[in-house]
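Subject: Handover of a structure

Dear colleague,

I am passing the structure below on to you, together with some notes on what was found in it. Please read the notes with the structure open beside them.

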Amino acid sequence: MPDAPELIPVDTLVDGAVVVTMNEQREVFAPGGVALSGDRIVAVGPADAVRARVRPREVVDGARFVATPGLVNTHIHVTGEPLTRGYVPDDTPFEENVFVWLCPLYAAHGEEDERISAQLAAAEMLLSGTTAFLEAGTVRFVDAVVDGLCEIGIRGRVGRWVWDLPPEPEVYRQTTAEAIGHLEEELDRHGDQRARVAAWPMVVGHTTCSEELWRAAAGLAAEQGTGLNFHMSPAHLDPEGFLAAYGERPMVHLAKLGVLSDRATLAHGVHVDDEEIELLARHGTSVAHCPTTALKVAYGVTQIGKIPEMLERGVNVSLGTDGNNASNYSDLHRAAYLAAGLFKDARRDPTMIPAELAYEMATLHGARALCLQDEIGSLEPGKKADLVLHDRRRPEWVPLLNVANQLVYSADGRGVHSVWVDGRRVVDDYRLTTIDTGALYERAQTAGEAVVARSGLPDRRRWRPIGGR
Ligand SMILES: [Zn+2]
């Protein structure tokens with residue numbers, strides 16, 4: 001008689017959930033099981049098959065849950081904006097938004113403000129089911145931010161505010177040599193890409209970088225095996241600026257400088273032409289689509305955006321929520337909802353960006369944009385144990401008849417009950433396990449009021465509370 005197969009000891013078995021794997025075949029197991037050991041997923045499959053293979057230390061009854069991979073937010077400013085959320089009036093045009101409002105607000109942050117800000121952003125992401133993010137490259141105090149993020153337990157890639165062309169608020173002024181020095185220094189200190197929170201060479205992008213700085217950032221990424229991140233072409237200003245300076249559009253010029261590669265992720269990419277899409281596809285460059293920013297800052301994504309064409313051409317389009325004065329929330333479910341809906345209306349074509357594709361953008365495409373496609377983005381044995389349980393005992397989850405439609409059109413972060421990152425349960429029963437959120441929210445309110453006061457910017461609230469606050 002053959003021996004009974006040896007049971008694999010595991011830390012946690014989620015048993016009997018609807019398991020949305022996002023694996024190659026997009027298998028959904030209902031009921032399904034997911035087994036976690038250390039920081040890895042050990043087994044995924046039909047519930048009885050997984051149960052028969054493992055000896056768990058802890059069993060989570062999955063009957064109440066839909067299990068998915070953690071979402072990946074590929075463009076978010078974790079400093080500068082979480083503490084000033086919504087202070088910028090919603091009727092400011094793009095240039096005024098960035099240079100009159102955002103730059104002074106960023107500049108008014110001190111080191112402790114940035115630490116609190118990063119924790120607030122991470123708390124909002126984790127509590128709404130995002131387990132990994134790509135920061136926008138606008139941090140000033142990288143050590144404090146990395147420290148705060150490590151404490152809270154999220155996965156992320158961050159970078160310092162780096163640019164060398166005007167306009168420059170005083171605290172961000174830097175020569176080309178200083179800017180390159182900042183990139184090298186953050187990689188020296190936080191460059192280990194095996195760490196949960198690590199640095200990438202990032203530049204602010206747009207028209208704020210010299211050719212020398214672009215080349216240096218791309219060179220460091222290639223040399224050290226990291227990604228590279230920047231902003232490009234949310235509005236008409238970047239194509240106009242590149243055409244005026246170099247006689248060619250941004251992607252054409254960046255391709256020549258060696259910036260476009262399969263390690264590069266650019267945010268926005270709204271104002272691009274067909275030749276630029278072809279270059280993005282050929283170089284394997286990812287585009288972080290931020291639908292809410294486009295809506296609120298009036299980029300024109302529904303009129304001239306070519307997100308469906310990029311996807312059609314094979315460009316890896318992921319999703320981001322951007323800063324909290326453009327998109328005033330950090331719940332990626334809401335961005336996925338917009339990604340699925342906007343172009344259906346814009347093109348008057350309901351076949352545009354189906355729910356399943358929108359969810360791929362929020363998971364698999366995000367993982368690829370972070371250069372972590374072998375580690376995260378799906379629930380598969382060997383990948384990192386980054387797992388989200390959505391609570392089916394909520395009105396928006398009932399009845400459950402089509403899980404892809406439910407995830408994209410019905411659910412959002414409110415139904416996220418539990419979250420694991422690297423096998424550590426960082427959200428349990430709607431609460432963060434790693435930090436005291438009550439204390440964080442109090443510190444964030446106080447710090448936010450102090451930052452806007454220091455910025456010297458006017459209070460433009462149309463509804464001003466009686467009592468002053
Ligand atoms: Zn941004």
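A residue is called buried here if 20 or more other C-beta atoms lie within 10 Å of its own, exposed if 12 or fewer do, and partly exposed in between, with the C-beta atoms placed from the backbone. Helices (H or I, at least four residues) and strands (E, at least two) are DSSP runs, numbered from the N terminus. Please bear in mind that this is a predicted model, in which local features need pLDDT of at least 70 and side-chain atom pairs count only at pLDDT 80 or more, while totals for chains, interfaces and linings use all residues. Residues are numbered from 1 along each chain as its sequence is written.

To begin with strand E11 (residues 228-232), five of its five residues are buried, so E11 is largely enclosed by the rest of the structure. Both of its faces are covered, with Leu228, Phe230 and Met232 buried on one side and Asn229 and His231 buried on the other.

E11 belongs to an open sheet of five strands, in which the order is E10-E11-E12-E13-E14 and the pairing is parallel; two strands count as paired if DSSP finds at least two bridges between them. The edges are formed by E10 and strand E14 (317-319), each of which pairs on one side only, and the twist from one strand to the next averages 25°. Strand E10 (residues 202-205) runs parallel to E11 and is joined to it by two bridges, and Met202 has Asn229 of E11 as its bridge partner.

There is also an open sheet of four strands, ordered E6-E7-E8-E9 and paired in parallel. Its edge strands are E6 (71-76) and E9 (197-199), each pairing on one side only, and here the twist averages 15° from one strand to the next. Three bridges link strand E8 (residues 155-158) to E9, and Gly156 has Val197 of E9 as its bridge partner.

Turning to the helices, H3 (residues 111-127) and H17 (residues 437-455) pack at an angle of about 130°, with their axes 10 Å apart. Axes are lines fitted to C-alpha atoms, for helices over the stretch in contact, and angles run from 0 to 180 degrees between N-to-C directions. H3 and H17 are therefore oblique to each other, given that angles under 35 degrees count as roughly parallel, over 145 as roughly antiparallel, 65 to 115 as roughly perpendicular and the rest as oblique.

With best wishes
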